[in-house]
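Visitor: Hi, I'm new to this one and would like someone to walk me through it. Could you bring it up on the screen?
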Amino acid sequence: MRRYVSDVAELTEEYGIQIGRWAQYRDLGPLPFDAMWCVIPPGGSSAEDVHPEVEFAVVTRGTAVYEAGGQKVEVPTGGVILLDPEQRHIIHNPSPEQSLTILSIYWMPPVDSAEADGVDRD
């Protein structure tokens, strides 16, 4: 059994917020996904982000407001947001007092066999 805690993770500045990539946990070895801690200060926001991966984000502390496609969705502690590949998004921390912490787990979506072989199946 192993335990990983965001409060003691090595964080770097990325996307306008603090990021702790799980590659820092060398004892994990290769995983079938990538993961990172995202820490946003009180009243802060991430830069707009877009990526080819599917993202499964769990709010572990605070309340997040995800902005995507002109829509805003509030996600409380313990809540999850699932972002599709290439979905532009911004994360806001509406709290004036508490940092927001998110565990982001992401992976490349499976390649559609029709796309992979270049055959139009419609």
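Visitor: How many salt bridges are there?
Guide: The model is a predicted one, and the count in it comes to four salt bridges.

Visitor: Okay, which residue does Arg2 pair with?
Guide: The side chain of Arg2 meets that of Asp27 in a salt bridge, at 3.8 Å from N to O. Arg2 lies in the segment before β1 (12-14) and Asp27 in the loop between β2 and β3, so this pair ties together parts that are 25 residues apart in sequence.

Visitor: And those two, buried or exposed?
Guide: Arg2 is exposed, with a relative accessible area of 52%, while Asp27 is partly exposed, with a relative accessible area of 47%. The cut-off for exposed is over 50%, so Asp27 at 47% counts as partly exposed.

Visitor: What does Arg61 form a salt bridge with?
Guide: Its partner is Asp7, and the closest N and O atoms of Arg61 and Asp7 are 3.0 Å apart. Because Arg61 belongs to strand β4 (residues 54-61) and Asp7 to the segment before β1, the pair ties together parts that are 54 residues apart in sequence. As for accessibility, Arg61 counts as partly exposed at 30%, whereas Asp7 counts as exposed at 54%.

Visitor: Got it. Where do Glu48 and Arg88 sit?
Guide: Glu48 is in the loop between β3 and β4, and Arg88 is in the loop between β7 (80-83) and β8 (90-92), which puts these distant parts of the chain 40 residues apart. The side chains of Glu48 and Arg88 meet in a salt bridge at 3.5 Å, N to O. Glu48 is partly exposed, with a relative accessible area of 49%, and Arg88 is partly exposed too, with a relative accessible area of 48%.

Visitor: Switching topic, how many cavities of 30 Å³ or more are there?
Guide: The count comes to one cavity of 30 Å³ or more, and the largest cavity has a volume of about 80 Å³.

Visitor: Which elements give two or more residues to its lining?
Guide: Those elements are β2 (17-21) and β3 (34-40). The lining of the largest cavity includes Ile17, Ile19, Met36 and Cys38, and among the other lining residues are Tyr15, Ser46, Asp49, Glu55 and His89.

Visitor: How do the lining residues divide into nonpolar, polar and charged?
Guide: The lining of the largest cavity divides into seven nonpolar, two polar and two charged residues.

Terms used:
Residues numbered from 1 in each chain as written. Predicted model: local features only at pLDDT ≥ 70, side-chain atom pairs only at ≥ 80, totals over all residues. Heavy atoms only, no water. 1 Å grid on protein atoms, 1.4 Å probe; cavity = no way out; pocket = protein on both sides within 12 Å on 5 of 7 lines; lining within 4 Å. Points joined across faces, edges and corners; volume = space filled by probe spheres on them. Helix = DSSP H or I, 4+ residues; strand = E, 2+ residues; numbered from the N terminus. Nonpolar A, V, L, I, M, F, W, Y, C, P; charged D, E, K, R; others polar. Buried < 20%, exposed > 50% of the residue type's maximum accessible area, 1.4 Å probe, protein only.
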